[in-house]
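Thanks, everyone. Please look at the next slide, and I will talk you through the packing.

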Amino acid sequence: MKGSLFATAILLVISSNASARDYSGLNFSISANATNIDTRWRDNNGHGQTGTRLHNSLDLSVPGFSWSTGYDKKWDSALPFNRDLYTGFEIGGTYLIDDRSHGGSNWVSETHYRGHQVISGGIELGFNLGQGKVSFDAGAALANILNKYTTYSSGSPDYTNSPHTQDLVPGFYLGFEIEHLLTQNLGVKFGGRHYDFTNMEEQWFATDGAGTRAFFKYENTLTQAQLGLVYYFRQK
């Protein structure tokens with residue numbers, strides 16, 4: 001399915017030999033997305049082990065939607081082969097339908113993107129390709145993330161004594177987009193993004209009678225595929 005969508009987007013971009021369309025100006029877009037939520041954690045248990053064990057908490061795609069608004073400026077024929085260069089900026093966000101994930105065996109790690117949202121803003125660099133535009137973007141991101149460990153006691157999770165950390169966590173994103181205007185104002189787009197958030201750390205002294213001391217480092221990332229519509233606010 002994703003392969004066919006990508007092929008369709010490429011064909012839309014290169015299908016015409018007419019003069020390139022104009023992708024400059026103020027714009028707004030909304031997209032459906034599939035987001036891969038990945039949480040990895042490291043655990044040094046404080047009992048003389050100097051090594052680090054790396055665990056994969058979750059690798060799962062959940063649906064959602066994304067939005068953005070921005071402004072692009074066109075630099076006519078600024079690139080080789082008479083290609084127009086586009087520079088711009090945008091602010092936006094992504095909403096995850098399911099903000100809770102968990103995984104593991106004896107230990108269970110839970111990740112919550114509180115409020116289901118990630119806010120982002122950054123810059124864009126693009127160029128025309130036939131009737132379409134290819135662009136790459138990068139910027140900063142912010143999410144309210146809760147990472148939590150739970151332990152099993154008598155076959156049920158021990159939530160009360162579990163270590164957890166929650167904070168507004170900064171990060172960055174990298175992405176790309178392919179756009180094709182259907183009219184002078186309305187277009188379709190396909191793209192992808194990868195979010196990487198600052199590591200979160202937690203030290204914990206267990207109340208299990210063994211005096212267990214643990215140090216956790218959480219690594220949270222999101223990877224998205226997006227398909228949606230874009231509208232340019234301008235008059236011709």
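Which residues does Ile145 touch, not counting residues up to four places away in sequence? Thr111, His112, Tyr113, Thr165, Gln166, Asp167, Val169, Phe197, Met200 and Asn220. Touching here means a contact, that is, heavy atoms within 4.5 Å.

Some ground rules. This is a predicted model, where local features need pLDDT of at least 70, side-chain atom pairs count only at pLDDT 80 or more, and totals for chains, interfaces and linings use all residues. Residues are numbered from 1 along each chain as its sequence is written, and side-chain values use heavy atoms, with hydrogens and water left out.

Now the layout. The protein has one helix and 11 strands. These are DSSP runs, numbered from the N terminus: helices are H or I with at least four residues, strands are E with at least two. Take contacts between residues at least 6 apart in sequence: 69% of them join residues at least 24 apart.

Next, the inside. Of 236 residues, 44% count as buried, meaning under 20% relative accessible area with a 1.4 Å probe, protein chains only. The largest nonpolar core has 17 residues. Such a core is a set of buried Ala, Val, Leu, Ile, Met, Phe, Trp, Tyr and Cys residues joined through side-chain atoms within 4.5 Å. Ile145 is among those with the most contacts inside it, along with Tyr113, Val118, Tyr195, Phe197 and Leu222. Strands giving two or more residues to this core include β1 (25-44), β5 (107-129) and β6 (132-153). A second, separate core has five residues, including Tyr86, Leu181, Val230 and Tyr232.

On to the rings. There are eight aromatic pairs in the whole structure. Rings of Phe, Tyr and Trp (its six-membered ring) pair if their centres lie within 6.5 Å; planes under 30 degrees apart are stacked, over 60 edge-to-face, the rest tilted.

Tyr23 and Tyr232 have ring centres 6.1 Å apart and planes at 80°, so they are edge-to-face. Tyr23 sits in the loop between α1 (2-14) and β1, Tyr232 in β11, so the pair ties together parts 209 residues apart in sequence. Tyr23 is buried, at 0% relative accessible area. Tyr232 is buried too, at 0%.

Tyr173 and Tyr195 have centres 5.9 Å apart and planes at 45°, so that pair is tilted.

Last, a charge. Arg193 lies over the face of Tyr173, 3.9 Å from the ring centre. The test is NZ of Lys or CZ of Arg within 6 Å of the centre and within 35 degrees of the ring normal.

Conventions: Buried means under 20% relative accessible area, exposed over 50%, partly exposed in between (1.4 Å probe, protein chains only).
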